[in-house]
Amino acid sequence: MRYRDDASLDPGGVQDRRGGGGGRAVAVGGGGLGIVGLLIVVLFQVLGGGGGDSTGAGVQGSVFDQLGSSGGTADNTELARSCRTGADANARAECAVVADIESIQDYWTGVLGQDYVPTDTVYFAGATQTGCGAASSGTGPFYCPADGLVYLDLSFFDELRTRFGAEGGTFVDAYVIAHEYGHHVQHLLGISDQVQAGVAGPESGSVRLELQADCFAGTWANHATTVPDDSGAPLIAELTDDDVARALDAAGRIGDDFIQTELGGGSTDPSSYTHGTSEQRQQWFTTGLRTGDPAQCDTFAAADLG
């Protein structure tokens, strides 16, 4: 995946809470994804966006304390200085995510018009306060419906490779972000209201919500190299077959069955599924990518999720 070198980046879609306006994210160690117990929590969290709880009461199965409003001081000074162009996005992961956010939100604005309300991604390192409670690096990226923000510790992308065994890459990171913004779209359209919090299982609303967010991510990916930025030219210059293969590899490593068998206790319990199997996640991302049509992502009407 490559960004247009001369594209102008707008970091206004990010709230940088990492400290000092842009210090490097602290790597997860000791605790975090290394603990099997938290890996089971991650089953409910990774790319989860709240497990379908659109009420703002919190994230299903989370380690969040219900603390109410979000908190943390954002300082975008360093981010604005270091992430100015597409060339910066090609060189630095934090700048690539800035570009991804801009492209994804431009796409959904084009699809939904005035019904799309842009929102920010919060960069944090280690821990932060959110409208859904206290979040740590081990939680993984998520969307909080209570404050309408996406939360991301950039060290997660390293964890996706080192702990989950994903191949990784710039487009994998973009897929993660696009999935979370898919949850934002669901929240705006009231789709999340169809999901009863706390209900799991292979046909549950939570699974359908997650698979739809994967599909929404795929629809953006279909249009990624044609979505214009403010200059009228596409911000993303190239998306290759290898990029797509890496995203599908990542999707296969965040399915309920993979996490339970490979990172949990070695067996799988479909009654506890909240995100869908690896095969389903790959299938629905591919559906969005192939069609480029959000209308094809109605997992709630699907009799067979795959």
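I will start with a helix pair, move to the nonpolar cores, and end with a serine and an aspartate. Please keep in mind that this is a predicted model.

First, the helix pair. Two packed helices are described by the angle between their axes and the distance between the axes. Here the pair is H4, residues 93-112, and H7, residues 205-223. The angle is about 95°, and the axes lie 10 Å apart. Angles of 65 to 115 degrees count as roughly perpendicular, so H4 is roughly perpendicular to H7.

Which residues make the contact? On the H4 side they are Ser-103, Ile-104, Tyr-107 and Trp-108. H7 contributes Phe-216, Thr-219, Trp-220 and His-223. By class, the contact between H4 and H7 has 5 nonpolar residues, 3 polar ones and no charged ones.

Now the cores. The largest nonpolar core has 66 residues, and the members touching the most others are Leu-160, Phe-171 and Trp-220. Several elements give two or more residues to this core, including H4, H7, strand E7 (149-152) and helix H6 (170-189). H4 gives the most, with 10 residues.

Next, the serine. Ser-82 is in helix H2, residues 77-82. Is Ser-82 buried or exposed? Its relative accessible area is 10%, and buried means under 20%, so Ser-82 is buried. Its side chain makes a polar contact with the side chain of Arg-92 at 3.2 Å. Beyond four places in sequence, Ser-82 is in contact with Arg-92, Asp-88, Glu-94 and Cys-95.

Last, the aspartate. Asp-249 is located in helix H8, which spans 241-252. Asp-249 also counts as buried, with 15% relative accessibility. Its side chain makes a polar contact with the side chain of Arg-253, at 3.0 Å. Apart from neighbours within four places in sequence, Asp-249 is in contact with Gly-165, Ala-166 and Glu-167. As for Gly-168, that residue is 81 residues from Asp-249 along the chain, and the two C-alpha atoms are separated by 8.4 Å.

That is what I have.

Note on methods: Residues numbered from 1 in each chain as written. Predicted model: local features only at pLDDT ≥ 70, side-chain atom pairs only at ≥ 80, totals over all residues. Heavy atoms only, no water. Axes fitted to C-alpha atoms, helices over the stretch in contact; angles between N-to-C directions. Helix = DSSP H or I, 4+ residues; strand = E, 2+ residues; numbered from the N terminus. Parallel < 35°, antiparallel > 145°, perpendicular 65-115°, else oblique. Contact = heavy atoms within 4.5 Å. Nonpolar A, V, L, I, M, F, W, Y, C, P; charged D, E, K, R; others polar. Core = buried A, V, L, I, M, F, W, Y, C linked by side-chain atoms within 4.5 Å. Buried < 20%, exposed > 50% of the residue type's maximum accessible area, 1.4 Å probe, protein only. Polar contact = N/O pair within 3.5 Å; in protein donor to acceptor, adjacent residues only side chain to side chain.
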